[in-house]
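Biologist: I'm new to this one. Can you put it up and walk me through it?
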Amino acid sequence: MLKNFFKIAFRNLWKNKAFSFINITGLAIGMASAMLLLMWIYDEMSFDRFHEKKDRIYEAWNRAEFSGELHCWNTTPMVLAKTMEHDFPEVQVAVRVNWPSNYLFSVGEKRIMVQGNMVDTAFLDMFSFPLIKGNPHTALNDMHSIVITEKLAKKIFGNEDPMGKLIKIDNKESFRVTGLAKDPPGNTRFQFEYLLPWSYLHKIGGDDTNWGNNSTRTYVLLKPGASLASVQAKMRTLKGKYETDEPKWEMFLYPIDRWHLYSNFKGAAEDGGRIEFVKLAAIIASFILLIACINFMNLNTARSEKRAKEVGIRKVVGARKGGLIGQFLGESILLSFFAALLAVGLVELSLSSFNQITDKQLYIHFGSIGAWLLVLAFILFTGLLAGSYPAFFLSSFQPVKVLKGGFKKVNALVTPRKVLVVLQFSFAIILIICTIIVQQQINHAQDRETGYDKNNLIYHFLTGDIEKNYSLIKTALLSGGTASSVTKTSAPLTQAWSDSWGFEWEGKDPNDKTDFDRYSADEAFLKTTGLQLVTGRDLDLKNFITDSSAMILNESALKVMKFREPLGQIVKDGDVKFHVIGVIKDFILRSPYEPTHPMIIEGGKGFFNVLHIKLSNLQPTAKSLQQAEAIFKKYNPEYPFEYHFVDEEYAKKFKDEKRAAVLAAFFSGLTIFISCLGLFGLATYMAETRIKEIGVRKVLGASVSSITFLISKDFLRLVMIAFLIAAPVAWLSMYTWLKNYPYRINIQWWVFVLAGGMSFLIALLTISYQAIRAAVANPVTSLRSE
């Protein structure tokens, strides 16, 4: 019997080659799309879930009120880790991880810039980053030990064994390789090429015991069976215990399984995060697969007349309904198997591009039995889902009506096929509308005035001897015509590295907890960056020696401080007094989707990490960069010339939204394509079932255009219903999404008109082939009686 089922299934597929091709292609595209999205979802859900002790690992967070709002953030004082180990018996170990640091690694003649972290010695005990060589318990015990990854070892030592070899860092001290780690997987927040011991950071003065310096991340491993509630209760009062000026400042532990997906906070509560993208991807994957299955249903039921007599004869000779259902489901699963093979090929071909768009490292585990079992389950699920309705539909035919040709009900107002097509196009229209609005929001933010001139502006970190030779480098850049101006700053112009609420000024409200972005700059800061001056002047250490303690405010800071005459006002940052010399217009330092923050720019007494260079516009940029590289090689020969264009760095602020827009456009296109296949199937069905009616109409004088309109109007009515359903759903979804952005667009009515018009046009083009084909058919052929 099973052999007979397969034989009939293959015969039907081979007999209707074009139909089978459309069916398999539509199902394969839907399955491939769902597979890609499910792979991305799995990667997101698995972030940092591979650590063996994940159930006991937590991250320390702060919670405090500023500017009348409650804020939560995950940078903490460096002293917290040791304090928790000492004060909390429930804590097995606490580990500090500093922000990723770039250092020059030198081995012989090889010199490369490498990014990694400084960590406490128990880091490799807490987290599961296995060592290929070395002891994870002791690898970082010595101050001059270093753990490197396979990737870095290959770059530095080639095929040699790196263990025990020396690496010089920043041309200062040498470190011995005591551990070789596997490269961190893509689904972890810890992306490092080296690990250095925290004791070295302490030696070079990077460690401190200041409870007000929230500059590092602290991870906590609780003892087995320890009470989290007990630790949380102690954490709430810990900072107040050691810093009595902040009695309302709380801390808390945040579990590892929430870090990646849920770590957006509004007030004291979680407020979404990447989990919203995961949910959206799951919805899109489900709907695309459902749409592909709907196509299968429509295309099979559209051809139902071809199999009706077969079903009737089978029932007459004794076939049971259950056996027929099994046969049709078997055919569906077989077709799903062929579609899955094609889908896996499509996934493999598109993974490279998909990874580039999503910034992932996804791949198919061809050697994994578990992966193939999942694919098999996916095939069975898709086959059953797609084949269920056709199987029950076809097997329910009554032999007497079928063999008389009277089983069809084409004039029903509502049929399952029509409902399914409406669902298909509803989802397609929703995606079209959402794609347009997301792109509008991106364009809106990109068109926002940044407040500075990005053109020909680059920056370079103060590596090696740049700080020591700054005057020589600056003079060479200016005198040679390479640059029009140069300045030092504490951070790149597109990033906020420091903030503080501890500033004091005359007339300040004692309860004021405004958080200011803090920035440091050298002379010619405004000239180099093109920031717009409202009042006062730029920093100028040559003509004003006191500018080493000068300060510039932005307009938002001036509103907070409420100075009527800001110039000359004194603002204290800790023990240092600064005098205000200017006010600038607000500029975008953080997100272009948010209002600008109050900002303070301190003069020469600040700290500097970055060199900003305004390249000359009197010669080609490539020539200026070539000249700049030669100057840097002369005065900083051991380090590579690694510059960054400010406009390119600013463009990175839009990468998440652009990624969402590209994916939405891609999958909306696939959804429309698959939906059109379903519409084509329904048009085929309608043309077949009304063939005699069309013949009669033609005999009575109906024109081709009137018959085409007759057939098309029913489908366009379905698209109209889909639009009426999709429009409010899309509006509500986008309205909710846009609320996350303080700087946002208003949803325009024409977006819905455009999406509806596109849907009608696409549907009309899809329908027209079958409609015109039916209209021009010879009525003699259609009215001939058997």
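Modeller: First, a term: a charge sits over a ring if NZ of Lys or CZ of Arg is within 6 Å of the ring centre and within 35 degrees of the ring normal. Lys488 lies over the face of Tyr470, at 4.6 Å from the ring centre.

Biologist: Which residue lies over the face of Phe544?
Modeller: Arg537, at 3.7 Å from the ring centre. Bear in mind that this is a predicted model, where local features need pLDDT of at least 70, side-chain atom pairs count only at pLDDT 80 or more, and totals for chains, interfaces and linings use all residues. Residues are numbered from 1 along each chain as its sequence is written, and side-chain values use heavy atoms, leaving out hydrogens and water.

Biologist: How many aromatic pairs are there?
Modeller: The count is 40. Rings of Phe, Tyr and Trp (its six-membered ring) pair if their centres lie within 6.5 Å; planes under 30 degrees apart are stacked, over 60 edge-to-face, the rest tilted. Phe123 and Phe190 form an edge-to-face pair, 5.5 Å centre to centre with 80° between the planes.

Biologist: Why does that pair tie together parts 67 residues apart in sequence?
Modeller: Because Phe123 lies in helix H4 (residues 123-126) and Phe190 in the loop between strand E10 (173-181) and strand E11 (194-197). Helices (H or I, at least four residues) and strands (E, at least two) are DSSP runs, numbered from the N terminus.

Biologist: Are Phe123 and Phe190 buried or exposed?
Modeller: Both are buried. Buried means under 20% relative accessible area, exposed over 50%, partly exposed in between (1.4 Å probe, protein chains only). Phe123 and Phe190 also belong to a cluster linked by ring pairs, with Phe50, Phe127, Phe129, Phe192, Tyr219 and Trp259.

Biologist: New topic. Which residues of helix H3 are buried?
Modeller: In H3 (residues 80-87), they are Leu80, Ala81, Thr83, Met84 and Asp87. They cover an arc of only 165° around the axis, so they sit on the same side of H3. That arc is taken from the directions from the helix axis to the C-beta atoms.

Biologist: And holes? How many cavities of 30 Å³ or more?
Modeller: Four, searching the whole structure. On a 1 Å grid over the protein atoms alone, a cavity is a set of points where a 1.4 Å probe fits but cannot get out; lining residues have an atom within 4 Å of a point. Points are joined across faces, edges and corners, and a volume is the space filled by probe spheres set on them.

Biologist: What volume has the largest cavity?
Modeller: About 90 Å³. Its lining includes Asp517, Phe587, Arg590, Glu594 and His597.

Definitions and conventions
On a 1 Å grid over the protein atoms alone, a cavity is a set of points where a 1.4 Å probe fits but cannot get out, and a pocket is an open set with protein on both sides within 12 Å along at least five of seven lines; lining residues have an atom within 4 Å of a point.
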